[in-house]
Amino acid sequence: MNKHQIISLIHILINGPYLIYLGLFQPTNVVFYYILFIYSLIVLADILYRIFNKQGHAWLYVHLILFVPLFLYIGYLGITKKEIKYYYFGFLLAIGLAAFFYHLLKFFKIREYIK
């Protein structure tokens, strides 16, 4: 497996389902928001590292500008037990579904060329 397939599998098995779960069930347990917040910080650090080492590409900037701030904000709201507006859960659901299906299609398209 190459690194692109591993990234796709992470999105298929972890990221997509987690965001779908948050969007659908809107959990009240603060642990879910700590996970989202900490994961966002890890992604932020990884993206900044790649950009500073000239390994950045267009999708990293999309993650940096759109997803990381949104996930950090929602994580912060959940951690501090402030009200999270309903449309934020809709965003999480939409992003989770998009990530899941995009990477699912991408993974199997890559797999066809290996055979």
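Predicted model: local features only at pLDDT ≥ 70, side-chain atom pairs only at ≥ 80, totals over all residues.
Trainee: Is Ser8 buried or exposed?
Mentor: A residue counts as buried when its relative accessible area is under 20%, and as exposed when it is over 50%. The relative accessible area of Ser8 is 0%, so Ser8 is buried.

Trainee: With which side chain does the side chain of Ser8 make a polar contact?
Mentor: Leaving aside neighbours within four places in sequence, Ser8 is in contact with His103, Lys106 and Phe107. One of these contacts joins two side chains as a polar contact, at 3.2 Å. The partner of Ser8 in that polar contact is the side chain of His103.

Trainee: Is Lys106 buried, partly exposed or exposed?
Mentor: Lys106 lies in helix H4 and touches Ser8. The relative accessible area of Lys106 is 27%, so Lys106 is partly exposed.

Trainee: How far apart in space are Lys106 and His4, C-alpha to C-alpha?
Mentor: In sequence, Lys106 and His4 are 102 residues apart. In space, the distance from C-alpha to C-alpha is 9.2 Å.

Trainee: What order of elements does the protein show from the N terminus on?
Mentor: The protein has four helices and zero strands. Its C-alpha atoms fill a box of roughly 50 × 30 × 20 Å along the principal axes. From the N terminus on, the order is α-α-α-α.

Trainee: Which helix gives the most to the lining of the largest pocket?
Mentor: The largest pocket has a volume of about 1000 Å³. The elements that give two or more residues to its lining are H1 (3-25), H2 (30-52), H3 (58-79) and H4 (86-114). With 10 residues, the helix that gives the most is H1.

Trainee: Which element gives the largest share of the largest nonpolar core?
Mentor: This core has 14 residues, and Phe71, Ile74, Ile84 and Leu92 touch the most other members. H1, H2, H3 and H4 each give two or more residues to this core. The largest share, five residues, comes from H3.

Trainee: How many residues are in the other core that lies apart from it?
Mentor: Val43, Ile47, Leu60 and Leu72 are among the members of that other core. Its residue count is five.

Trainee: Which residues are in contact with Phe71, leaving aside its neighbours within four places in sequence?
Mentor: Phe71 is one of the residues that touch the most other members of the largest core. Beyond its sequence neighbours, Phe71 is in contact with Leu19, Leu36, Ser40, Leu92 and Ile95.

Trainee: Why does Tyr33 count as buried?
Mentor: Tyr33 lies in helix H2. Not counting residues up to four places away in sequence, it touches Tyr18, Gln26, Pro27, Ile74, Gly75, Gly78, Ile79, Ile84 and Phe89. The limit for buried is under 20%. Tyr33 counts as buried because its relative accessibility is 2%.

Trainee: What is phi of Gln26?
Mentor: Gln26 lies in the loop between H1 and H2. At 37% relative accessibility, Gln26 counts as partly exposed. Its phi is positive in a residue other than glycine, with a value near 45°.

Trainee: What is phi of Lys81?
Mentor: Lys81 has its place in the loop between H3 and H4. Its relative accessible area is 66%, so Lys81 is exposed. Its phi is also a positive value in a residue other than glycine, near 60°.

Terms used
Residues numbered from 1 in each chain as written. Heavy atoms only, no water. 1 Å grid on protein atoms, 1.4 Å probe; cavity = no way out; pocket = protein on both sides within 12 Å on 5 of 7 lines; lining within 4 Å. Points joined across faces, edges and corners; volume = space filled by probe spheres on them. Core = buried A, V, L, I, M, F, W, Y, C linked by side-chain atoms within 4.5 Å. Buried < 20%, exposed > 50% of the residue type's maximum accessible area, 1.4 Å probe, protein only. Contact = heavy atoms within 4.5 Å. Polar contact = N/O pair within 3.5 Å; in protein donor to acceptor, adjacent residues only side chain to side chain.
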